[in-house]
Amino acid sequence: MTLRHFRIFIAVYSEKSMTGAAKKLYMTQPSVSQAIKELEVHYRTVLFERFPKELLPTKAGEKLYLYANTILSKCTELEDDMKEGSAQHILRIGANDTIGSSILNDYLKCFQEIHPHEEIQVVISNSSLLCEMVHTNKLDLLLTDEFHSTADLTFFSVCEEQFVAVVEKNHPLALASQVQLKDLSTSKLLLREKGSDVRDYFDSLMNDNGYHADAFWESISFDILLSTALRSEGIALLPRQYVESNVELGNLVILNIPEFHYTQNLILAYKKNKYITPQMDDFIEICKTYTTMI
């Protein structure tokens with residue numbers, strides 16, 4: 001078997017279609033079918049169940065997918081490590097918007113104190129794209145609070161991140177000793193998009209208590225929600241670490257909402273069987289031991 005066979009197999013696995021894999025790899029469909037047939041003959045097993053509209057992997061196909069991914073990933077690492085000036089000297093970290101806006105800078109400062117001359121690349125994007133970049137060895141480590149585990153990633157919880165409701169210091173509710181959910185239902189709310197974990201929690205909290213609240217301003221960006229709150233446009237739900245400096249300066253006030261208790265786990269993930277460089281190991285230890293966010 002060759003690496004070409006494994007690349008074709010992974011494409012068919014991902015696309016659930018010979019035709020889709022052929023388009024993705026710029027190959028002909030018969031060539032893709034022949035490669036899958038050769039794999040099945042070689043391993044003496046069926047790798048895909050053939051259905052009219054899609055192909056679904058068998059147990060043997062699932063097993064081969066894990067091995068093929070590992071083999072191709074190791075080959076990519078080998079090529080990188082053997083090239084002068086390759087990625088072995090660069091720590092590549094991905095983080096979603098929540099982490100990129102809050103705790104990541106503290107982690108990076110700690111790391112650079114240990115490795116002042118080490119080069120770091122950071123990618124801030126949505127968690128699903130970052131997971132794919134880890135799968136394809138374009139990132140070494142991923143930090144996110146919106147993680148859905150997969151079989152080929154190693155992951156663990158680093159800490160819990162507390163969310164708070166904040167308003168600008170001159171907002172009508174800024175001086176309230178307590179804020180009730182009914183007050184929120186009649187206020188301008190600055191919220192994450194529907195489908196995000198914190199938004200789902202908040203919508204359920206309001207609905208379970210007989211209230212309905214629409215977002216006055218909805219965004220995937222904490223930066224936008226923060227800047228809108230600072231203009232006294234409404235109440236924002238944001239990570240405590242992210243708003244801490246503005247609270248200390250007196251620009252924002254954290255509201256006391258007895259019913260609102262929301263935390264998210266901060267997850268660190270990397271590809272299973274990946275070679276852990278000393279730099280990666282140091283960064284992982286920093287993430288495990290850094291606790292100011294809890």
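**Notebook: salt bridges, cores and a helix**

I began with charged pairs and found that the side chains of Lys274 and Asp140 meet in a salt bridge, 3.4 Å from N to O. I note here that the model is predicted. I looked up where the two partners sit. Lys274 is in the loop between β11 (262-271) and α12 (278-289), and Asp140 is in the loop between α7 (127-135) and β5 (141-144). The pair is 134 residues apart and links distant parts of the chain. Are these two residues buried or exposed? Both Lys274 and Asp140 are buried.

Next I took Glu40 and Arg50. Their closest N and O atoms are 2.9 Å apart, and they form a salt bridge. Glu40 belongs to helix α3 (residues 29-43), Arg50 to strand β1 (residues 48-50). Glu40 has 14% relative accessibility, so it counts as buried. Arg50 has 44%, so it counts as partly exposed.

I then turned to Glu193, which forms a salt bridge with Arg192 at 2.8 Å between the closest N and O atoms. Arg192 counts as buried because its relative accessibility is 7%. I also found a network of salt bridges that links Lys194, Arg199, Asp203 and Glu218. How many salt bridges are there by this rule? The count comes to nine.

The largest nonpolar core has 33 residues, and Leu184, Phe202 and Leu238 touch the most other members. Elements that supply at least two residues each include α8 (181-185), α9 (197-208) and β9 (235-239). Which element gives the largest share? That is β6, with five residues. I listed the contacts of Leu238 beyond its neighbours within four places in sequence; among them are Phe163, Val166, Phe222 and Val243. A second, separate core has 22 residues, including Ala95, Leu104, Cys159 and Ile286.

Gly250 follows α11 with a positive phi, near 85°.

Last, I went to helix α1 (residues 3-15), where Leu3 has its place. Leu3 has 31% relative accessibility, so it counts as partly exposed. With Tyr67 and Ile71, Leu3 forms a nonpolar patch on the surface, about 270 Å² of accessible area together. Other residues of α1 are buried, including Phe6, Ile8 and Phe9. I tested the helix length: 13 residues at 1.5 Å a residue should span 18 Å, and the end C-alpha atoms are 18 Å apart, which agrees. Lys16 follows α1 with a positive phi, near 60°.

Key: Residues numbered from 1 in each chain as written. Predicted model: local features only at pLDDT ≥ 70, side-chain atom pairs only at ≥ 80, totals over all residues. Heavy atoms only, no water. Core = buried A, V, L, I, M, F, W, Y, C linked by side-chain atoms within 4.5 Å. Buried < 20%, exposed > 50% of the residue type's maximum accessible area, 1.4 Å probe, protein only. Helix = DSSP H or I, 4+ residues; strand = E, 2+ residues; numbered from the N terminus. Contact = heavy atoms within 4.5 Å. Patch = residues over 30% accessible without salt bridge, like charges linked within 9 Å, V, L, I, M, F, W, Y side chains within 5 Å. Areas by Shrake-Rupley, 256 points an atom, 1.4 Å probe, with all protein chains shown as cover. Salt bridge = Lys/Arg side-chain N within 4 Å of Asp/Glu carboxyl O. Expected span 1.5 Å × (residues − 1).
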